[in-house]
Amino acid sequence: MKILMVCLGNICRSPLAEGILKSKLPQDFIIDSAGTISLHEGENPDKRAVATAKNHSVDISKQRSRPITTKDFEVFDKIYCMDLSVMEDVISLAKDDIHREKVSLFLEEAMIPGNNYEVFDPYWSEMDGFERVYKLLDEASENIKIKLTSNS
């Protein structure tokens with residue numbers, strides 16, 4: 001299975017989600033991340049995200065930001081978005097219902113569907129914001145791991 005995590009700039013939330021989920025799933029799962037904007041293309045994740053992940057023994061330091069493309073809909077089985085705005089942008093790139101059905105909110109998939117749970121963007125916060133996001137993503141990733149590995 002191939003899973004894509006998407007946030008706005010691909011330097012905070014989606015790199016953390018990628019690293020956390022990668023650390024929980026078997027190696028035959030392919031996990032990647034992207035952003036809806038190309039502003040940070042080629043850059044490493046935010047230093048605060050890298051430090052937060054490292055504090056939890058997850059290495060995201062070698063990831064590079066990239067924008068989502070229409071080709072991603074062909075490559076990935078699931079596309080998890082960090083918030084509603086990102087999800088709207090991602091869905092607008094989908095060419096058909098099959099592609100649109102691959103897209104969901106990350107926390108919706110992991111928690112209770114229908115509540116529009118969003119991962120807040122920690123970019124404008126201090127380290128504690130990154131830690132809160134990490135804990136949220138970690139819990140959600142554990143739930144997704146259980147869902148995905150119990151169905152295989």
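**Figure 1. Packing of helix α2 against helix α7 in the predicted model.** Helix α2, spanning residues 47–55, packs on helix α7, spanning residues 127–150, at an angle of about 55°. The two axes lie 9 Å apart. The angle makes α2 oblique to α7, and the crossing of these helices is right-handed.

**Figure 2. Residues at the contact of α2 with α7.** Helix α2 contributes R48, A49, A51, T52 and A53. By residue class, the contact comprises six nonpolar, one polar and two charged residues.

**Figure 3. The open, four-stranded sheet.** The strands are arranged in the order β2-β1-β3-β4, and their pairing is parallel. Strands β2 (30–35) and β4 (103–105) stand at the edges; each has a single partner strand, so one side of each is left without a neighbour in the sheet. On average, and with direction ignored, neighbouring strands are turned by 25° against each other.

**Figure 4. Pairing of strands β3 and β4.** Strand β3, formed by residues 78–81, pairs with β4 in the parallel sense over three bridges. Within this pairing, Y80 has S104 of β4 as its bridge partner.

**Figure 5. Helices α1 and α4 on the sheet.** Helix α1 (residues 13–24) packs on the sheet and touches β1 (2–7) and β2. The direction of α1 makes about 150° with that of β1. Helix α4 (residues 84–93) also packs on the sheet, where it touches β1, β3 and β4. The direction of α4 makes about 175° with that of β4.

How values were computed: Residues are numbered from 1 along each chain as its sequence is written. This is a predicted model: local features need pLDDT of at least 70, side-chain atom pairs count only at pLDDT 80 or more; totals for chains, interfaces and linings use all residues. Side-chain values use heavy atoms; hydrogens and water are left out. Axes are lines fitted to C-alpha atoms, for helices over the stretch in contact, and angles run from 0 to 180 degrees between N-to-C directions. Helices (H or I, at least four residues) and strands (E, at least two) are DSSP runs, numbered from the N terminus. Angles under 35 degrees count as roughly parallel, over 145 as roughly antiparallel, 65 to 115 as roughly perpendicular and the rest as oblique. A crossing is left-handed if the near helix is turned anticlockwise from the far one by less than a right angle, and right-handed if clockwise. Contact means heavy atoms within 4.5 Å. Ala, Val, Leu, Ile, Met, Phe, Trp, Tyr, Cys and Pro count as nonpolar, Asp, Glu, Lys and Arg as charged, and the others, Gly among them, as polar. Two strands pair if DSSP finds at least two bridges between them.
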